[in-house]
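Reader: I would like a close look at one part of this model. Take me through the sheets, and then through the core. Keep it brisk.

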Amino acid sequence: MQYQNFSLIYLLKLSTVEKIVLTEKFSKITVHWHPYIVGELNDNFIKVAKVKDDFVWHKHEREEELFMVQKGTLFIDFRNKTVEVKQGEILTVPKGVEHRPRTNGEEVLLLLIEPKKTKHTGDLVTERTVERLEWI
Ligand code: NI
């Protein structure tokens, strides 16, 4: 390997390259249904959340949503069916489709990828809506 011919831009970009250790991030979370930002990808945030019991019914008019289960089993209710998403599985929710994520009483660890402007409660603003997302 040779390092001496790399450009300054390459080296500057390289200085931002850092892996995300999900177990470390999850260990800092103490609140359920509160997403935290752990990374960025194009115009999306990579987020993590710990969830338990029922969330609210909502939809995202203009954005698709990705749920990847890191631990436990997430249930996503739609108006006519429920999808069970287990550890290591991913579900994407189409834009404009009402859904309600929930768990069966257990704590579930999630990784989410969403456009930066997405609100996790979609078009619904409740006391559970987190207006300003924080990085952890
Ligand atoms: Ni949603």
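**Sheets and core**

Author: Strand S4, residues 73-77, runs antiparallel to S5, and five bridges join the two. One of the paired positions is isoleucine 76, whose bridge partner in S5 is valine 83. Keep in mind that this is a predicted model.

S4 and S5 belong to an open sheet of three strands. The order is S5-S4-S7, and the pairing is antiparallel. Strand S5 (82-86) and strand S7 (100-103) stand at the edges. Each has a single partner strand, so one side of each is left without a neighbour in the sheet. On average, neighbouring strands here are turned by 25 degrees against each other, direction ignored.

Now the other sheet. Five strands form an open sheet, again with antiparallel pairing. Their order is S1-S2-S8-S3-S6. At the edges are strand S1 (36-41) and strand S6 (90-93), and each pairs on one side only. From one strand to the next, the twist averages 25 degrees.

S3, residues 65-71, runs antiparallel to S6, with four bridges between them. Glutamate 65 has valine 93 of S6 as its bridge partner.

Next, the core. The largest nonpolar core has 14 residues. Val48, Val108 and Leu110 have the most contacts inside it. Strand S2 (44-51), S3 and strand S8 (108-115) each supply at least two of its residues. S8 gives the largest share, five residues. In soluble globular proteins, nonpolar side chains tend to be buried together.

What does valine 48 touch, leaving out residues up to four places away in sequence? The list is Leu22, Lys25, Phe26, Ile29, Tyr36, Val38, Leu110 and Leu111. Leu110, one of these partners, is itself among the core residues with the most contacts.

Step back to the whole chain. The protein chain has two helices and eight strands. From the N terminus on, the elements run α-α-β-β-β-β-β-β-β-β. Of its 136 residues, 21% count as buried. Consider contacts with a separation of 6 or more: residues 24 or more positions apart account for 66% of them. The C-alpha atoms fill a box of roughly 60 × 30 × 25 Å, taken along the principal axes.

How values were computed
Residues are numbered from 1 along each chain as its sequence is written. This is a predicted model: local features need pLDDT of at least 70, side-chain atom pairs count only at pLDDT 80 or more; totals for chains, interfaces and linings use all residues. A residue is buried if 20 or more other C-beta atoms lie within 10 Å of its own, exposed if 12 or fewer, and partly exposed in between; C-beta atoms are placed from the backbone. Two residues are in contact if their C-beta atoms, placed from the backbone, lie within 7 Å. Two strands pair if DSSP finds at least two bridges between them. Axes are lines fitted to C-alpha atoms, for helices over the stretch in contact, and angles run from 0 to 180 degrees between N-to-C directions. A nonpolar core is a set of buried Ala, Val, Leu, Ile, Met, Phe, Trp, Tyr and Cys residues joined through C-beta atoms within 7 Å.
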